[in-house]
Protein chains: 4
Amino acid sequence: MNAINPENAFWSDLFARIAERGRQWLGRPLPAGASAESRIGELASSLISTKGEASGVALARALVAQWKSMDKPARRAWFEMLAQDFGPDAEKLTDAVGQWQAQPTPAAAQKLHAAAEPLRQELLRRINLAPGGTAALVEMRQELLTHLRDTPALEAVEADFVHLLTSWFNRGFLLLRPIDWASPANVLEKIIHYEAVHEIKDWNDLRRRLAPRDRRCFAFFHPQMPDEPLIFVEVALTSGIPGNIGELLSEERTALELPSTDTAVFYSISNTQVGLKGVSFGNFLIKQVVEELLREMPWLKTFVTLSPVPGFASWLKTARQDDSPLLAALPDNERLAGLDQSGWQENAEDREALAPVLRQAAATYLLQAKGANRRPLDPVARFHLGNGARLERIHASADLSAKGLRQSHGVMVNYLYDLGAIEKNHEDYADSGEVAHSSAIRKILAGDLSANMLTRNVQSLLGSEKPRKKEAKIS
Amino acid sequence: MNAINPENAFWSDLFARIAERGRQWLGRPLPAGASAESRIGELASSLISTKGEASGVALARALVAQWKSMDKPARRAWFEMLAQDFGPDAEKLTDAVGQWQAQPTPAAAQKLHAAAEPLRQELLRRINLAPGGTAALVEMRQELLTHLRDTPALEAVEADFVHLLTSWFNRGFLLLRPIDWASPANVLEKIIHYEAVHEIKDWNDLRRRLAPRDRRCFAFFHPQMPDEPLIFVEVALTSGIPGNIGELLSEERTALELPSTDTAVFYSISNTQVGLKGVSFGNFLIKQVVEELLREMPWLKTFVTLSPVPGFASWLKTARQDDSPLLAALPDNERLAGLDQSGWQENAEDREALAPVLRQAAATYLLQAKGANRRPLDPVARFHLGNGARLERIHASADLSAKGLRQSHGVMVNYLYDLGAIEKNHEDYADSGEVAHSSAIRKILAGDLSANMLTRNVQSLLGSEKPRKKEAKIS
Amino acid sequence: MNAINPENAFWSDLFARIAERGRQWLGRPLPAGASAESRIGELASSLISTKGEASGVALARALVAQWKSMDKPARRAWFEMLAQDFGPDAEKLTDAVGQWQAQPTPAAAQKLHAAAEPLRQELLRRINLAPGGTAALVEMRQELLTHLRDTPALEAVEADFVHLLTSWFNRGFLLLRPIDWASPANVLEKIIHYEAVHEIKDWNDLRRRLAPRDRRCFAFFHPQMPDEPLIFVEVALTSGIPGNIGELLSEERTALELPSTDTAVFYSISNTQVGLKGVSFGNFLIKQVVEELLREMPWLKTFVTLSPVPGFASWLKTARQDDSPLLAALPDNERLAGLDQSGWQENAEDREALAPVLRQAAATYLLQAKGANRRPLDPVARFHLGNGARLERIHASADLSAKGLRQSHGVMVNYLYDLGAIEKNHEDYADSGEVAHSSAIRKILAGDLSANMLTRNVQSLLGSEKPRKKEAKIS
Amino acid sequence: MNAINPENAFWSDLFARIAERGRQWLGRPLPAGASAESRIGELASSLISTKGEASGVALARALVAQWKSMDKPARRAWFEMLAQDFGPDAEKLTDAVGQWQAQPTPAAAQKLHAAAEPLRQELLRRINLAPGGTAALVEMRQELLTHLRDTPALEAVEADFVHLLTSWFNRGFLLLRPIDWASPANVLEKIIHYEAVHEIKDWNDLRRRLAPRDRRCFAFFHPQMPDEPLIFVEVALTSGIPGNIGELLSEERTALELPSTDTAVFYSISNTQVGLKGVSFGNFLIKQVVEELLREMPWLKTFVTLSPVPGFASWLKTARQDDSPLLAALPDNERLAGLDQSGWQENAEDREALAPVLRQAAATYLLQAKGANRRPLDPVARFHLGNGARLERIHASADLSAKGLRQSHGVMVNYLYDLGAIEKNHEDYADSGEVAHSSAIRKILAGDLSANMLTRNVQSLLGSEKPRKKEAKIS
């Protein structure tokens, strides 16, 4: 039975020996009976101590393994320990404050900054030594976020996580990589999992988004998390600006020849790591993708999104209940009642009847219904406008999926990335919350029913954009 | 609307120019009205002519594109053209024959060989210049095979394809690559597609075969077809030799820790390219995979297949109809009637009652029921025995899937690859058709009902294999 | 002293065991006392026998190792064994000849071809199974070439090597890879070693050819020999067509900005593998490099060589001794005496005085002094003209290195690759040996002294030489 | 003449257009006449402002380009600007101090930390956005270090660089990569350049250190600086512990077969980036290299350095001048006078006569002559002892190069990395400065002349180490 030789005992022996040797790196074993909290506490103390320098990687690995095995209460206790036991050295800090008050020199300020740095920043830096340490810290922050509301004392811990993750996930360290049908399956399954805008049902659905020659996808990766896309954008190459997500993703469509395309449509952007919330790099993504696309296809003329308006329906509901003056000003406001008639979306005539007022209301929502800080209420709008894009078009009946109807009565919009105008748009928006928008949008607001159509006609005369007949019929 | 600059006409212009330049490589366009056959014929003539030297790649690319666009009748016409118009030069050959008959020197033999080489071999070599040329030739051969029966005159063309493909797919040029869950999706979808032994239902099923730590998969690739696995083998790492495919592939099982494994089980081997039929490299695959596995896990002791017996049921049917003396000699032959009772496989008692005679009959089929050339009738047996493996065990009720019952009444077998015995086994088999087999198999043939069990007991005493309780109960 | 643990004996033990297991693959050891020839003969017999299928890779590896350890006489004996013992099967061949004569069908021709194939082709295919087998066979052929003159009986062996290597090194299997200063050192040292045209003195010299932004290098590689460039070309990007290699390779020059270049100059092409003599792929190289360069720098307008004229000086010597009428026809032929005056190359006036007649004589050598098959006598000229290039310019005092003076009295020439004319040039050359050449060359032949010089003067006035049309007018 | 087509103007046009588009990203051009300082100041202001969010990458790239073009005074001015204009916001800081004094909560401490963070940390993070930004910041710090002595006010800037670089060059982000003769030439030339211990003369010398089968080299890389080894170690695989660098690097030596080796010798460790001074990762390097070596060669028993003692000669000179009592205690101290006799190193007898006292003096220097913080005076000793190694052997006449004689009268030492003792050694050293050392060293100190030899004899009896005859004779 023994296929190789009679002394097979040596092989098993060998394995045991290798494993044993690995354990030696870790030093003395921790007492087995200790609680999870006390074990991780001991590991943290060792790691932050001078001893940590000798066996830092092994200790960090053990701490991460310990943390992963802990349940929610033990994890909360861990965060509380970080908050209480790993703050700044109070004595040193008092000292530094004294010195700075005595003489507020740059040197004193620097000392103050150093003295105020909590010990846990260094601890987190050392945890990062573990294989997979960066990913573990991102996961830790994800857990931490769930405890913040109940335990405000953890805010200081949160601040340190944000500080370090922001530094480590600096855009300069991120890699833009194309995702396609030849990408590793373990990366692709994450694309399926994380797609947040238009659900990917299965692998066939994924292939339809990645494999055709007129589709692209790009993601940012961190060198320490090579299998984890951090944020990704899905792109469709089209001829002219599309106004309907269903057509864009239709199973029946045939792929375009590349030379016949002139437009790149960013139809879905998804963040993947809850633990990196607030560590933003999305704005860099779109700009770099534009560069990549132009390198491959220098003939592309237009870079545009096809975006949901996720807050529109709920705003509209409230506005109607409150008899908002913004609505009262709409030329066709009386037609909004049509929304109350169930099933309108299934009837072409009803859809057409509602389209003008939906576009007007959406334009109002995006341009006029500002929040406290003079920014639009819609999060997607804030993202693209903050990036320097401009609101280009509004389409009714553009997303008739359940989610699309629920969130925005089927409305979608295009934000246009005009490289020559990005900076000015961004500055105006940053200074005053001013929302850049096209003349088509202006006409919608003014109740000019022919708005979209007119634009198209002029453009088709000018030759820079092909008229899209289908949309014409619908709107 | 124009996102970039006003002179966009330049971009489209640019593209047109690049495309145009590409076309210049191809030389003068072929007359548009010509038939597919005459077009490909003209391309072939150009390619084989002196002109082909200057623009070989472009001509080869055009010929391949033309071929791909042709329908079945046109393709048959293409093969017939190859047979008739691209044979050896008759005059030269007559000449060389004359010289060889006058003086049969090595030089004359060499000239004869050269003169007898059909022109189409050189043509096929030049077609190989096209990007994707090798894959196109494999595809061409696949088509050719479908015409052989009806058109025996194509045998000469077939011989040339075989000759060239055998030379190009020489084992020395193949690369062994592991396939895992981080492999490119466009390779993995081919694994799903080509798996010929135990169907892979979907991507989740595939992940269960590739992702767990105790599973491996390896494939041979050709440098010119980097996305096409040519042949692949799926491996399960186990503790002891398994006798049941259902347990091996169960969705519920938990993966083993690597150090607790001692056996590598090759449970599925699939060829993928019909166009490479007869160009064999499967025997190299298993031996190289054994080396790879040992490099990673030097403690592995046993290398074994878990194989179907695809010809068993149909042989048994005929043998029973014909009152074969081989069956008459089986100790339990009267029990074979149990097979006629529908639903026996669903009842544990019935299965146990049938197991001894099924094992006996299978042993007979594999060891004694030889074909004309003294080789076993079973193709899977011929493959592994020809590789130098030995028949190790026979399991009843080992594959109760519809296919398993239909092909072999649920019987599966293990072929053992004992590195120290491979060569002798192979030689004995090659010389005399002798089938290497274990003592357990001998006992089965002798009607020793306790065969499998006994073996196991002795082995467990000797410490070289863990008894597998489940199987004990069943058999 | 023992850094790890007390049972270190296990480690050495383990190693011994792994090595031993490797040996088992090889089967029974060969008798130690046997001669090299008998050992390699025995290995060859095993490899070609049925036994070879079971342990092919191990046998092939052993045969290659044996061959590498053999001295020159033993290697010659090996080739003689291949010639005598591994020819075609005489009986089968006689048979096939008989059948073909009885009925010369395609099938009979095919059988004849198969029967005439020497056994050694299959043997060589199996040697290719060894790791590094392809490289070993190339090396074997290199050795074989040194024995051919003395042992004509080896011609049949040579024919088989050529046949197989031509098939395996089919252009379709070669990879074009850029070589630059980030390429692996073990590849780069081969570039230094193999550079055959303009010697690379050391690594600093190499860096000057690879690192600057206006330099490129490309090589063909075979998948089985990934560290061995098979042929490589060095490229300089310039503004205008250069006429002097010294300036091109000057240590002092500053690299051009890419946008200011318009010309790619192939100034050195080197084959590396003697063992692949006659297996040509050089013509594919230049065309594919042109494509690569255009992809990166679509603005390039001109693709041209700066080539030596290696046979010029020796032809001229003979022609002068023989009072060749070709020389007599040269307008300035009396000035050739200047060449006999030693040191002319060091004096600018002398160089200028000789320039016109050197250009005339070189033009005569390249265009009119044909060999038996109506091809030019110069090998470099035959290579580029056969590829479809045209002779564009002739420069005197273009390479004043010792080698340049010795081979061609300092003359160099440009061959122009005009993509639109390549095919026609190639055909004319193939049909009739006609040498395509520019009007500038015609004028040189006609004794128009001002030809090149004028062009240059005007161009230097105009700057860097863009106008193509202008030149047409001038010359 | 025109190789492609008549409308070539389009190509140049195209290029201009692409370049122009690139410039648009950068926004309005800066006034051309501005001084370097004012230009970089304006770029820094833009980058740190809200505007920086929109065009961060382009601004960062411009700032880096500007910095690189600046001369030393302008760069000093840049650092002074960073010190003065980009400190913490004084008002916010005063505020935060007040709050913390009022109520020293964790939240207040965190606010204090944030308020004390100088603006320039964020500025440096944004500079890191530039392609090559990380490398540029390392270069900036290198320059900064040259200004620190003269301009103490820059210390605050230095602290911020150290803080960020320490965070970004966290060991968790570094990649260990083997360096061998197949590594890219642009990496290898840096190995030649940076080797700090035993000079690498040229590429042939480098090949001798990388190509032989018994040599290894490993380096840490940062993902953002893929061509820049940060620190590298050169390793020789030997049989037994070597005591002489000349033999180890001899041009004549023949490489060992791997199975006959038992020891890995780290004979040179070099940091490469002055700009990363104080950002230490060397201790991680050796431990990870030990793991890598064991993975490849599990039979290795001993991991040891062959190290210089760079401070020995100058310490000895002073000690002799000062009649140090440490020297007086040496058994053979009177023999030290032999050092004053020029040319002693060229005479074998003189070398042997001096060897005992040199070993004693070196042992004294390394073990007893501590600095203020109870650490050894020798920097190499501090590095390895701080890593947990122990002082294993001392060799006289081990490095007779000019540098070796000048620095240490030819003495070299071995530090042993015993994985089982590293942690304890490190702790003892960290706690009390205690220097771990072998019994052989103890005997040297005790004046036991036979020390080294005895050790060897005992070891050879124990079988764990082969006696090295050569060394025996020398010492």
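For burial I use this cut-off: a residue is buried if its relative accessible area is under 20%. I keep in mind throughout that this is a predicted model.

Entry 1, aromatic pairs. I looked up the total over all chains and got 28 aromatic pairs. I then took B:Trp168 and C:Phe173, whose ring centres are 5.4 Å apart. Their planes stand at 75°, so I logged the pair as edge-to-face, the class for angles over 60 degrees. Next I checked where the two residues sit. B:Trp168 is in helix 9 (residues 155-168) of chain B, while C:Phe173 is in the loop between helix 9 (155-168) and strand 1 (175-178) of chain C, so this pair joins two chains.

I looked up C:Phe266 and C:Tyr417, which form an edge-to-face pair with 6.4 Å centre to centre and 80° between the planes. C:Phe266 belongs to strand 4 (residues 263-271), and C:Tyr417 to the loop between strand 8 (412-416) and helix 19 (422-432), so the pair ties together parts of chain C that are 151 residues apart in sequence. I checked burial here too: C:Phe266 is buried at 1% relative accessible area, and C:Tyr417 is buried at 1%.

I found a cluster in which ring pairs link A:Trp181, A:Trp203, B:Trp181 and B:Trp203. I also searched for arginines over ring faces. A:Arg177 lies over the face of A:Phe221, 3.8 Å from the ring centre. In chain C, C:Arg177 lies over the face of C:Phe221, also at 3.8 Å from the ring centre.

I counted 56 residues of chain A in contact with 56 residues of chain D. The buried area between the two chains is about 5300 Å², and carbon and sulfur atoms give 62% of that. How many salt bridges are there between chain A and chain D? I got zero. The polar contact search across this interface gave twelve residue pairs, both residues at pLDDT 80 or more. On the side of chain A that touches chain D, the elements giving two or more residues include helix 1 (9-25), helix 3 (51-68), helix 9 (155-168) and helix 19 (422-432).

Technical notes:
Residues are numbered from 1 along each chain as its sequence is written. Chains are lettered from A and ligands numbered from 1 in the order in which they are written. This is a predicted model: local features need pLDDT of at least 70, side-chain atom pairs count only at pLDDT 80 or more; totals for chains, interfaces and linings use all residues. Side-chain values use heavy atoms; hydrogens and water are left out. Rings of Phe, Tyr and Trp (its six-membered ring) pair if their centres lie within 6.5 Å; planes under 30 degrees apart count as stacked, over 60 as edge-to-face and the rest as tilted. Helices (H or I, at least four residues) and strands (E, at least two) are DSSP runs, numbered from the N terminus. Buried means under 20% relative accessible area, exposed over 50%, partly exposed in between (1.4 Å probe, protein chains only). A charge sits over a ring if NZ of Lys or CZ of Arg is within 6 Å of the ring centre and within 35 degrees of the ring normal. Contact means heavy atoms within 4.5 Å. Buried area is the accessible area (1.4 Å probe) that two parts lose on being put together, summed over both. A salt bridge is a side-chain nitrogen of Lys or Arg within 4 Å of a carboxyl oxygen of Asp or Glu. A polar contact is a pair of N or O atoms within 3.5 Å; within protein, one must be able to donate a hydrogen and the other to accept it, and residues adjacent in sequence count only if both atoms are side-chain atoms.
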